[in-house]
Amino acid sequence: MIKLDELCPLALDKLRADEYFEGFGLTCAFEPLERPTVPAKPAVVCGIAQVSAQTSALEEECAAGSVSMFADIYIPFDLRGFDIRQAAVRALKCLAARPAVRFEIGQVRADNAAECFVMRVTVAFSGEISLLPAD
C-alpha cells in the first residue's frame with residue numbers, strides 16, 4: 001500500500017541512510033519551513049509530483065492508482081567537479097527501493113534564482129493508495 005503522507009519522509013530516510021548523501025541538504029518540498037534561496041551545499045528536495053487514483057465505491061478509505069514522486073538534485077554553480085549524474089543514480093536507487101513501475105532521470109538545467117544546476121529524478125509506483133493520514 002502506498003501511504004501518501006509517508007512517501008516523502010520514507011524517501012528522505014532512504015537518502016539519509018546512504019552515506020553518499022551525508023553532506024547534502026535533504027528536505028521535502030512544500031514543508032512549512034523557511035529554506036535558503038541559494039543553497040550553500042548540494043541538496044535534494046523530494047515531493048509528490050502527481051497522484052492518479054480511482055475508487056470503486058464512495059466513502060472508501062483506499063483507492064487504486066499511481067503516484068509519481070520526484071527528487072530534485074541541486075548543485076551550486078560554484079561547486080566544481082561534482083558528478084550530478086552519479087547523485088541522480090544514487091537518488092534513483094533510494095527512491096526506487098520499493099518496486100517502481102516507471103522511473104526517469106531528466107536533463108540538467110540551470111536554475112538562476114537558486115544559482116544551481118538541477119536534475120530531476122522521477123519514480124512512479126502503482127497499487128493501493130491510502131488517502132488518510134497514519135494514526
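Author: A disulfide is a pair of cysteine sulfur atoms within 2.5 Å. The structure discussed here is a predicted model.

Reader: How many disulfides does the structure hold?

Author: The sulfur of Cys8 has its closest cysteine sulfur in Cys28, 4.2 Å away, which is too far for a bond. A disulfide needs the two sulfur atoms within 2.5 Å. The number of disulfides in the structure is zero.

Reader: Is Cys28 buried or exposed?

Author: The closest cysteine sulfur to that of Cys28 is in Cys8, and Cys8 counts as buried at 11% relative accessibility. Buried means under 20% relative accessible area. At a relative accessibility of 10%, Cys28 is buried.

Reader: Which residues do ring pairs link into a cluster?

Author: The structure holds five aromatic pairs. One of them joins Tyr20 and Phe21, edge-to-face, with 5.0 Å centre to centre and 85° between the planes. Phe21 and Phe24 also form an edge-to-face pair, at 5.0 Å centre to centre and 70° between the planes. The cluster linked by ring pairs consists of Tyr20, Phe21, Phe24 and Phe82.

Reader: What is the relative accessibility of Phe21?

Author: Phe21 pairs with Phe24, and Phe24 is buried with a relative accessible area of 10%. Phe21 counts as buried too, because its relative accessibility is 2%.

Reader: Which residue forms a salt bridge with Arg90?

Author: Side chains of opposite charge can pair when their charged atoms come close. For Arg90, the closest N and O atoms in its salt bridge are 2.6 Å apart, and the partner is Asp18.

Reader: How many residues apart in sequence are the parts that Arg90 and Asp18 tie together?

Author: Arg90 belongs to helix H2 (residues 84–95), while Asp18 is in the loop between helix H1 (4–17) and strand E2 (25–28). Arg90 is partly exposed, with a relative accessible area of 27%, whereas Asp18 is buried at 14%.

Reader: Over the face of which residue does Arg120 lie?

Author: Arg120 also takes part in a salt bridge with Asp72, at 2.6 Å from N to O. Arg120 lies in strand E7 and Asp72 in strand E4 (residues 62–76), so this pair connects parts 48 residues apart in sequence. Arg120 is partly exposed at 36% relative accessibility, and Asp72 is buried at 5%. At 4.0 Å from the ring centre, Arg120 lies over the face of Phe70.

Reader: How far apart are the closest N and O atoms of Arg85 and Asp83?

Author: The structure has a count of five salt bridges, and Arg85 with Asp83 is one of them. Arg85 is exposed, with a relative accessible area of 59%, and Asp83 is partly exposed, with 31%. The distance between their closest N and O atoms is 3.5 Å.

Reader: Which residues does Gly106 touch, not counting residues up to four places away in sequence?

Author: Gly106 is in the loop between strand E5 (102–105) and strand E6 (109–111), and it is partly exposed, with a relative accessible area of 24%. Its C-alpha atom is 9.1 Å from that of Ala88, 18 residues apart along the chain. With residues up to four places away left out, Gly106 touches Met119 and Arg120.

Reader: What is the phi of Glu115?

Author: Glu115 is placed in the loop between E6 and strand E7 (116–130). Glu115 is partly exposed, with a relative accessible area of 43%. Although Glu115 is not a glycine, its phi is positive, at about 55°.

Conventions
Residues numbered from 1 in each chain as written. Predicted model: local features only at pLDDT ≥ 70, side-chain atom pairs only at ≥ 80, totals over all residues. Heavy atoms only, no water. Phe/Tyr/Trp six-rings, centres within 6.5 Å; stacked < 30°, edge-to-face > 60°. Buried < 20%, exposed > 50% of the residue type's maximum accessible area, 1.4 Å probe, protein only. Lys NZ or Arg CZ within 6 Å of the ring centre and 35° of its normal. Helix = DSSP H or I, 4+ residues; strand = E, 2+ residues; numbered from the N terminus. Contact = heavy atoms within 4.5 Å. Salt bridge = Lys/Arg side-chain N within 4 Å of Asp/Glu carboxyl O.
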